[in-house]
Amino acid sequence: MRAAVLQQSGQPVTIEEVSLDEPKHGEVRVRILASGVCHSDLHVRDGEWPRPGPFVIGHEGAGIVETLGPGVDSAATGLSPGRLVALSWYAPCQRCAACRSGREWLCTDSGSSRHRLTDGTTRLHRPDGSAVYPYCGIGTMAEATVVPASAAVPMPDGTPPEVAALIGCCVSTGVGAVTKTARVPAGSRVVVIGLGGVGLSVVMGAVLAGASVIVAVDRVPAKLELARELGATATVLAGADSEAIDAEIRAKTNGGPDFTFEAIGLAATIEQAIRLLPPGGTAILVGMTPFGVRASFEVFPFVDGSRSILGSNYGFAVASVDFPRYARLHLAGRLPIERLVERRIGLDGVEDAFARLRAGDGLRSVISF
Ligand SMILES: NC(=O)c1ccc[n+]([C@@H]2O[C@H](COP(=O)([O-])OP(=O)(O)OC[C@H]3O[C@@H](n4cnc5c(N)ncnc54)[C@H](O)[C@@H]3O)[C@@H](O)[C@H]2O)c1
Ligand SMILES: [Zn+2]
Ligand SMILES: [Zn+2]
């Protein structure tokens, strides 16, 4: 089958023929229908998160179950051939203390963090027999994949595959940051900095939570337009004069913000999200920086004003519960996830999609198979 392979972080992706073994114990084989191109793939591609390759990249995918491996209980998991599943990039081990306390986004024994299946191996091989690894244990930029059953979440009937794919990363990350990590109360005043797939999902989450003020910030005017269509009450075009931008954001929050969300992963905008907080405010850091980046803030007013900073991995997603919940909200017309999809591309379009993400150009490119 064809797959987008990253030989080494920092190098371009190549489209290769690879083979996929049958699923082993506790695994399922999934034929991929859609895979979004997320900025986290780009961090790896560009060497900002160096990882040893080669691997099949991609972690925002959905597809159809083809085969259940031994020991996968169809009745218990809801998995059966023909079923549409969204894939989780953090397959929980379901045994560690974090998993047992219901916080699987903190799982300490997930094969996903090692880019391996649960048993530490891979089902992917090059024609010469050498191993290729699945990025985050799922490697979705391929015609098919074998994943741990706990990474494959059955979706409600009628869920469009592209929507299911985006629920697998940006939607769960952004909507969950609002509703699960921050638990934004109705009527809150919210600022969202960075309006890619993740930041616009934060906007949708803030609408869902009943925020009364949603100020959306980006340096690309077209992103502001879409944020407004999705429910932002005001927008601010980011630019070089940070004092003027801060003043404009504050002026538009009607005495807030109660919450600021950073959805880019830059030290400058992380510091801005913290600096914008009035006493009692909370900054939620969702964007991921290159490894090693540090940010700073003035401590006295932060403590004196009882401000908070929260880190949010995967929107605190419990995939088996939250993925179908977000899909049901979509089907009920309350999460217009399809608006995030700008372009449908083939596997060969991945490098071009990365170039667009790098430039901040456009929204989600989705590889459709
Ligand atoms: N916390 C998590 O679990 C998690 C999950 C998925 C993605 N992420 C991270 O979230 C971040 C966003 O991902 P994405 O796929 O939405 O990325 P994206 O590239 O689609 O979006 C980033 C947005 O930020 C804007 N931007 C860039 N620099 C800016 C600046 N200086 N001021 C204002 N706007 C600016 C861009 O125009 C773009 O709209 C990435 O760092 C990604 O790795 C985190
Ligand atoms: Zn992602
Ligand atoms: Zn675990």
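Cys38 counts as buried, because its relative accessibility is 3%; buried denotes under 20% relative accessible area, exposed over 50% and partly exposed in between, with a 1.4 Å probe and protein chains only. The model is predicted, so local features need pLDDT of at least 70 and side-chain atom pairs pLDDT 80 or more, while totals for chains, interfaces and linings use all residues. Residues are numbered from 1 along each chain, ligands are numbered from 1 in the order in which they are written, and side-chain values use heavy atoms, without hydrogens and water.

Cys38 and Cys169 link distant parts of the chain, 131 residues apart.

| Residue | Location | Relative accessibility |
|---|---|---|
| Cys38 | loop between strand 4 (27-36) and helix 1 (39-45) | 3% |
| Cys169 | helix 4 (residues 161-181) | 4% |

Helices (H or I, at least four residues) and strands (E, at least two) are DSSP runs numbered from the N terminus. Helix 5 (residues 197-208) packs with helix 6 (residues 221-230) at about 20 degrees, their axes 9 Å apart. The two helices are therefore roughly parallel, a term for angles under 35 degrees. Leu200, Val203, Met204 and Val207 of helix 5 meet Lys223, Leu226, Ala227 and Leu230 of helix 6, contact being heavy atoms within 4.5 Å.

Technical notes:
Axes fitted to C-alpha atoms, helices over the stretch in contact; angles between N-to-C directions. Parallel < 35°, antiparallel > 145°, perpendicular 65-115°, else oblique.
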